[in-house]
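Thanks for coming. Please look at the sequence and the model while I talk.

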Amino acid sequence: MPEVMKCVQVDVEDNNRTKGSSPARAKTEIKAPVIGSTIITADGDVYYQITPSPMTAAQQQWFEQRFSELKDIIAGLYQELAAQDRRQYAGERWTSLSTLGRLPRLAHAFLNRKFELGILRRYLLDESKTIVAVTGLGGMGKTWLVAYILKEAQTDSKYVISNNGRIDFDRLYYLRCNEERISFERIFLDLGQLAGRFTEMVQLWRDASLSLEEKCNALINLLYENCYLLIFDNFDSLLDSECCLRPEYRSLEQFFGFLLEREHRSKVIITSRFLPNLIRRRQLMNFVDTPLTEGLAEDDSVTLLRELGLEDEEMTLRQIARRTGGIPRALESFVGLATGLDAKDILANEALFRGNVVENLLQEQYEQLTEEEREVMQKVAIYRKPVWMVGIEYLTKRREPVDRLASVLHSVVRKRLVWWDAEEKTYNMHPLVREYTYAQIRQAKRRKWHYQAGEFYAHLSSYLDEKHKLADVTNQLEAHYHYFAAEDYERAGLVATNIFRILFRWGYINLCEELCSQTVDTVEGDTKAIALHQLARIAFLRGKIEAAKEQWTQALRIFESTNNKAGIAYAQHSLGRISQLRGEYSKALDQYELCLRLERELGDYEKAGVTLHQIAYVHFLLGDYGLALKECEEALEYRYKARHEPGVSISRHLRGMLYHIRGEYIKAMQDFDASLEIDSRHRNQNRIAICLRSQGNVLFDQGKYGLALAKYEESLKIQEQLENKLSIAECLDCIGKLDLVEGRIGEAKTKFEKAFQMRQEAGFRLGIAQSLHRLGTVYQTIGNYGKATGCFLESLQLKRALGNKLGMLESFLELARIEKLQENFGTAMSRLEECLEISHYLGYVAGIGESLLELGELDFQIREFGRARDRVEQSLEIFRKLGQTKNIEKCTDALCRIDRAMKENA
């Protein structure tokens, strides 16, 4: 297939955004081949417009004309989906009786099944019954019965069951299992969304430390807090021949076990041809089966036949009711047959009413169709969801006159083989009819039509506005299903990698993993490399660093073999992140530098800004602050040009940290304030918490402890909501440091130990070193110098291995203080002189001041009063410039003692 060059709109987000944050996007245009090209955004998401085979000018005109007729209808149908999309980001709570799922519609008035309807209502009112199964063979009217219950529940949220009973349903959730991708992940996140707690449920789902049982418990608690009505329609489509859940649906077994056995306030209805084993094998008091073993009563059958449009004498109608057993689907098929045959002739065919009447009548109906009607039926059957007429038209390259297709569709609708939804303007089939019709399609034609259906959904996706993101993903999932069924695995893979970014952000991690794994198993080349890259992101999220490294390495090899420079650059960037996380800073810098060179070659300065920021951060960790500041300024320049606000926020924050170290507190606070303002505007909660903590650090250094504590506590509250354990540890460290300064030693120790445990669980080596240092300061304060020295030395060893010079400086200072207290003056002097040397090398002004003050104090102890006074005065001058009141007081006190000692010894 020829590559078509076109301009593609790419959503850009920053790669430093962590879980729980809200995305903020900027637009950039990239010229790239649409099919087989690789477009990688600044945050490492692979994204490109999935474009179907190029259409001719005439085809394009045809599609646009036909689509324009449906555009308003489609926009209306997706209005609620777009609202769901917004709620997912905003975390809004839904209004009373919110509904999720495309509810079934009643094809005609509900005139029957009053006995079963009464039973179902009674069980819904019974508090001891939480799950009700409606079982019966295909065509018995199970969905019809549930549709009526739903209609009643929607009419009044306080669902009236009888004159003296009502249920106050808060939410309705409907899943049509034969048309949807069903999984525990889907149900978990859907119900979180429906409850207005989507962000919280995403965090729980992404937490790799939680077991499936703990996640089931979280969902059951949600169903206990609210009264939901959950409907799982056509559940038998998830079962194998032995009524067990098929392997791909096994994750549902534990969830349904919890639904059956745990206490909750919600009600669950399952419709299924057969009772699932997961229910049958349990002896339960809270479950009841409502089997539809018999057809409609004779009077109801006659009424239904008349409702379906069959006008005949009463005796004939009653005979039809008896011969069909009153089965609703059989009655519909009979009415359909009677549009072309006399009812008495149909009744005379004894073979139709022996064995499975529903299948017999359906087969007879199909055989009575014209070739044209059969082909239209087969086209409808290709789609597993309701489809507009333009979708049916799309399955043939010869564009038939719309009037002719409409006429044929009208004919099969009149024959009760296809359903027409006048409100949604869609065509659909009963599951039994679809199964039978689909089985009649030849394999070659199936593949051809599935491919064209995939093309239809891909085109449809490209015509939706930006606000219909959720609808766009729904269409692309359908495109993936059809391309895969057509065995066009390359296109299926392109769709899978394209929708990864939205699904991943919404928390559908298992679905992402399933789609990417399927792609890796079926394609080669760049598409496989992209899928490997996305699998690596999932592994990285779950803390499986070795697996992520292996997958990124495999992706790199493929990108190198295809000479895909954009892919090589991002693979190197990702591997650099792993090296950085492990403290292998030299290796990380090499990988980032290679990545940066390629990005500059490609002229992609936006991603170059991201890479420069990472290089600057590594140099920050290594203590090369001058170089880090220069790189940070360059990264900011790129990000301002790209108008990428989240990236600007992150780089300004890093620059603020560098100013803080240099003692330029005003500049530091200006950068932190600007970063906080951007992050607040984009609702990026994690970044907001980080900025607040950084502001607290500046206030702490200025001795403004009350203000610092307020910042730390606000940051901690946000990180606890996000369940970001490493950031929680940082906040605990900061508050513990304040406790220690103000004499609350026990509280400080508790916080430091909790932070240490969190960092150990995460394997965060630099964080472990920081915690050991903090614990050392506690032991030092209470006079346990042996334990304190052990902690400081262990911390120093880790920092040396990581090349963290600022951390080494902190450890040397504390070790020198202990040596001084133990009167090991020579060792203390050597350590403090090394501290002064490191501080000068780093340009760390506050470190220079502290080192000079400690050296002055040591000189005072060994009675070198003149040198002591010089050093303390230099230190005082530095702290006055920095505005560090606490250290100014220390210097003033030291000078008074030195002057008094000098007078006494004069």
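Start with helices α28 and α29, which pack at an angle of about 155° with their axes 9 Å apart. Helices here are DSSP runs of H or I with at least four residues, strands are runs of E with at least two, and both are numbered from the N terminus. An axis is a line fitted to C-alpha atoms, for helices over the stretch in contact, and angles run from 0 to 180 degrees between N-to-C directions.

Before going on, a word on where the values come from. This is a predicted model, in which local features need pLDDT of at least 70 and side-chain atom pairs count only at pLDDT 80 or more, while totals for chains, interfaces and linings use all residues. Residues are numbered from 1 along each chain as its sequence is written, and side-chain values use heavy atoms, with hydrogens and water left out.

Back to the pair. α28 and α29 are roughly antiparallel to each other. The cut-offs are under 35 degrees for roughly parallel, over 145 for roughly antiparallel, 65 to 115 for roughly perpendicular, and oblique for the rest. The crossing of α28 and α29 is left-handed; that is the word if the near helix is turned anticlockwise from the far one by less than a right angle, and right-handed is the word if clockwise.

Which residues meet? On the α28 side they include Y625, L629, L636 and Y640, and on the α29 side they include V648, I650, L654 and L658. Contact means heavy atoms within 4.5 Å. By class, the residues of the contact of α28 with α29 divide into 13 nonpolar, 2 polar and 4 charged. For those classes, Ala, Val, Leu, Ile, Met, Phe, Trp, Tyr, Cys and Pro count as nonpolar, Asp, Glu, Lys and Arg as charged, and the others, Gly among them, as polar.

The loop between α28 and α29 holds R643. R643 is not a glycine, yet its phi is positive, about 55°. Is R643 buried or exposed? R643 is exposed, with a relative accessible area of 71%. Buried means under 20% relative accessible area, exposed means over 50%, and partly exposed is in between, with a 1.4 Å probe and protein chains only.

Helix α29 itself covers residues 645-661. From first C-alpha to last, its 17 residues reach 24 Å, close to the 24 Å expected at 1.5 Å a residue. The expected span is 1.5 Å times one less than the number of residues. Of the 17 residues of α29, 15 are buried. Just after α29 comes G663, with a positive phi of about 85°.

Now for a second pair. Helix α14 (residues 357-367) packs with helix α18 (residues 431-439) at an angle of about 55°, and the axes are 11 Å apart. α14 and α18 are therefore oblique to each other. The crossing of α14 past α18 is right-handed. V358, L362, Q363 and Y366 of α14 make the contact with L432, V433, Y436 and T437 of α18. That contact of α14 with α18 has 6 nonpolar, 2 polar and no charged residues.

In α31, 14 of the 17 residues are buried, and just after the helix G703 takes a positive phi of about 80°. Helix α26 (residues 585-602) has 18 residues and reaches 25 Å, close to the 26 Å expected. Its buried residues include Y585, L589, Y592 and L596. What do the buried residues of α26 pack against? The partners are α25, α27, α35 and α36. G603 follows α26, with a positive phi near 70°.

Last, two single residues. A555 sits in helix α24 and is buried, at 0% relative accessibility. E823 lies in the loop between α37 and α38, and has a positive phi near 65° although it is not a glycine. At 56% relative accessibility, E823 counts as exposed.
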